[in-house]
Amino acid sequence: MPDTEFLPRGAVVGPFSGPRAAWGEHLERAVERYGTAVNWELYDDRGEAETARQIAEAVVAEGRHALVVGHFNSAGAAAALPVYRAAGLPVLLPLATTPGLLADGAGTLLRWCPDDRAQAADLLAAVRDAGHTRVAVTHDGSAYGERLALLVRDASAAVRPAVPSGAVVSDGSGPATGAVPVPAALTGPSPDVLDGPEGGDATALTALVVCGTHVGAARAAREWRAAGFEGAFWFTDDCAVDEFAELLGPVASSYVARMRGGPEAHVDAAFAAATAALAEDPTRTGRTLLAAVRAHADRGFTALGEPEPGSVGWDLVPVPPAAGTPVPRTAGRHGRAYDVIVVGAGVVGSATASALARHGARVALVAPMDGRDEHATAWSGGLVRSFEADPYLRGLALRSHHLAWGPAALAPGPYGFMATGSLVLCGDADLEQAEKGVAELNGAGVPAELLDPGVLGARFPGLSVDGVTAAVWEPQAGYADPPRTARVYRDRALAHGARLLPARVRELDAPPGADRVRVLLEPGGPVEAFAVVLAAGGGTGEIAGHRLSGADAGRTKSIRYGFFHHPATAGLPTVVDMVSGVWGRPQLTGEAAGGYMAGRPVDEWDVPPGGLATLTDEHVAYIRQGAAARWPWLADPATRFLGGRQGVDLYTPHSRPHLGRERPGSRIVLATGWSGAGFKTAPAAGELAAAEALDVLEAT
């Protein structure tokens, strides 16, 4: 796979899980074929209108994409298109077929497929060309199916102004006088008579047009056949997917409407034109980009963005898939299960998703997109070093140094890393681990030394050394930008095919012996995976169905720090004080540049996840008072407060993270609870969590 970091970006939105996931496969295959010149990032709307709208808002807010391909289903497109239109973001619709979708497009849309009004007319023409004289239309009970059935009825009326004498068209809400009655065994709506005898029963029909989703239409047809209907079935286009034959079962004389040339041809045509336009000039945006897409397209478009008349159309083909076409296994609700769902898009979850996607796993990253940054990463101070007093955490930190924070990252790089040097101040009780740690770090190629208080005070005059026995000095350590780092890992995951699910997880259902985990999303309902990585940080306890549910997850705790400016901060490195608990670092760029960050532990527990970019006067006074023992200049009235932040971390009883399977044989992998020090170890934590999840998949 090419290096996608500097390629133009495109958002691809479709149903990559859930009941309509078979349609998302067309988009996935196109991404694989056209991913060399554009970084296509996949967003899973599961075919749901509200989820589609949330994704549209998130894509626009990110402001990183040149265009959007999708949404697949028309209800989702209708909900999302106003958001894109307001932002001037071009949208290509390869498979959304509702008439009138482009009416308010303001020249920002191109549709590549025929619409449903033409489908209804072509379908009825094919039915009548086949010689059927007794025809009705029904639907699967969904709003989508009912809308299609009304279009079929309208198309019939356009050809034959009146239904046959004595026959009354049902409105789909229930039996109507004179309409063909629903057999007693059926649960669906009454059919609308299009051609045929007055009244009659279901056995009098020779053809039944069934409208709806491929899952619902298959169910309706099975019921009609079981009730005695022996005529031919004609299905609308959502049924033109391979798995429909499996869902339908052994039903003879059945046909399905399919976009002329097949749906994948329209998807490929959209991707090919978009890729060519962006490869030609990656800086193109908005209407300029859309004009270039038109120029590279294999078909013409009207001024509104519809395909030119005659360039697209509908065919009616037998339902069975072409010879040799594999029929995919279905998962749960006839939607493919993900290999792994990663819950939480902070730095640990994003690093995990990136590692899994690079290994070829089918990954979904679940993250709320309601504008609230509840993960701890958003509010982290970003301190980075390799020394930790705990040997287990030290191992993770050392591995993370080699993965992300080492010499290759000493320039700002992708993570915004700043090499300030790092001091860990130790008391008598910490000295043994400090000595062992310095030896381990040097043995692993990470420069480190142990400084005594005299050297420490002389080298860093802005730092008080009262109560300090020694300090671990790492010249290559410093800090990075946590939100930026999480975005880098998330982008890498998406570039390698991961999908983003904009939702909150309410429950995990993983019964012993089950081959999948059922993940309950809000919004969105259930989705399935063979493994789940729980990297939800402070929100871990709020998710039911795992061993850390509730209080067993640990306790959330408030974290606060402020930025201060004083001449004495010049030359101070990053500092972590194991004696008093305070911590700090320089702020070299961005917000509060030229200041020094200082934090002090807060005894506030069991608080909800989240954070704020403000501190109260009381918060600032508390930090000054406690941290002045280490940085005396904080007590100087001339020291200016430049701003501050407050967040929440999850603390475990043993001060070690939950990292690994929740219990032997479980399909749930835990990656949470770093007790306020998780950022620097996230690269290694993500690597380990991904390895555990891959082990689950290998055993599946």
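Helix 1 passes helix 8 in a right-handed crossing. Start there, and keep in mind that this is a predicted model.

**Stop 1: helix 1 and helix 8.** Select residues 21-33 for helix 1 and residues 263-280 for helix 8. Their axes come within 9 Å and cross at roughly 40 degrees. Angles under 35 degrees would count as roughly parallel. Helix 1 and helix 8 are therefore oblique to each other.

Now show side chains. On helix 1, pick Trp23, His26, Leu27, Arg29, Ala30, Val31 and Arg33. They meet Pro263, Glu264, Val267, Asp268 and Phe271 of helix 8. Colour the contact of helix 1 with helix 8 by residue class: seven are nonpolar, one is polar and four are charged.

**Stop 2: helix 11 and helix 12.** Move on to residues 391-405, helix 11, and residues 431-443, helix 12. How far apart are the axes of helix 11 and helix 12? They lie 12 Å apart, and the packing angle is about 25 degrees. That angle makes helix 11 roughly parallel to helix 12. The crossing of helix 11 and helix 12 is right-handed.

For the contact, select Pro391, Arg394 and Leu398 on helix 11. By class, the contact of helix 11 with helix 12 has three nonpolar, two polar and three charged residues.

Stop 3: Switch to a cartoon view. Three strands make an open sheet here, in the order 14-19-15, and the pairing is antiparallel. Which strands stand at the edges? Select 383-384 for strand 14 and 418-419 for strand 15. Each has a single partner strand, so one side of each is left without a neighbour in the sheet.

Next, select strand 19, residues 478-479. Strand 15 and strand 19 pair over two bridges, in the antiparallel sense. Centre on Ala419: Gly478 in strand 19 stands opposite.

**Stop 4: backbone exceptions.** Most residues other than glycine have a negative phi, and most peptide bonds are trans.

- Gly70 and His71: the peptide bond joining them is cis, with omega about 5 degrees. Look for His71 in the loop between strand 3 (67-69) and helix 3 (74-87).
- Asp606: phi is positive, about 60 degrees, although Asp606 is not a glycine. The loop to open runs between strand 27 (595-599) and helix 15 (617-627).
- Ser655: phi is positive here too, near 60 degrees, in a residue other than glycine. Find Ser655 in the loop between strand 28 (640-651) and strand 29 (658-661).

Is Ser655 buried, partly exposed or exposed? Ser655 has a relative accessible area of 42%. Buried means under 20% and exposed means over 50%. Ser655 is therefore partly exposed.

**Last stop: the whole chain.** Zoom out. How many helices and strands does the chain have? There are 16 helices and 30 strands. Of the 700 residues of the chain, 57% count as buried. Finally, consider contacts in the chain between residues at least 6 apart in sequence: 72% of them join residues at least 24 apart.

Notes
Residues are numbered from 1 along each chain as its sequence is written. This is a predicted model: local features need pLDDT of at least 70, side-chain atom pairs count only at pLDDT 80 or more; totals for chains, interfaces and linings use all residues. Side-chain values use heavy atoms; hydrogens and water are left out. Axes are lines fitted to C-alpha atoms, for helices over the stretch in contact, and angles run from 0 to 180 degrees between N-to-C directions. Helices (H or I, at least four residues) and strands (E, at least two) are DSSP runs, numbered from the N terminus. Angles under 35 degrees count as roughly parallel, over 145 as roughly antiparallel, 65 to 115 as roughly perpendicular and the rest as oblique. A crossing is left-handed if the near helix is turned anticlockwise from the far one by less than a right angle, and right-handed if clockwise. Contact means heavy atoms within 4.5 Å. Ala, Val, Leu, Ile, Met, Phe, Trp, Tyr, Cys and Pro count as nonpolar, Asp, Glu, Lys and Arg as charged, and the others, Gly among them, as polar. Two strands pair if DSSP finds at least two bridges between them. Buried means under 20% relative accessible area, exposed over 50%, partly exposed in between (1.4 Å probe, protein chains only).
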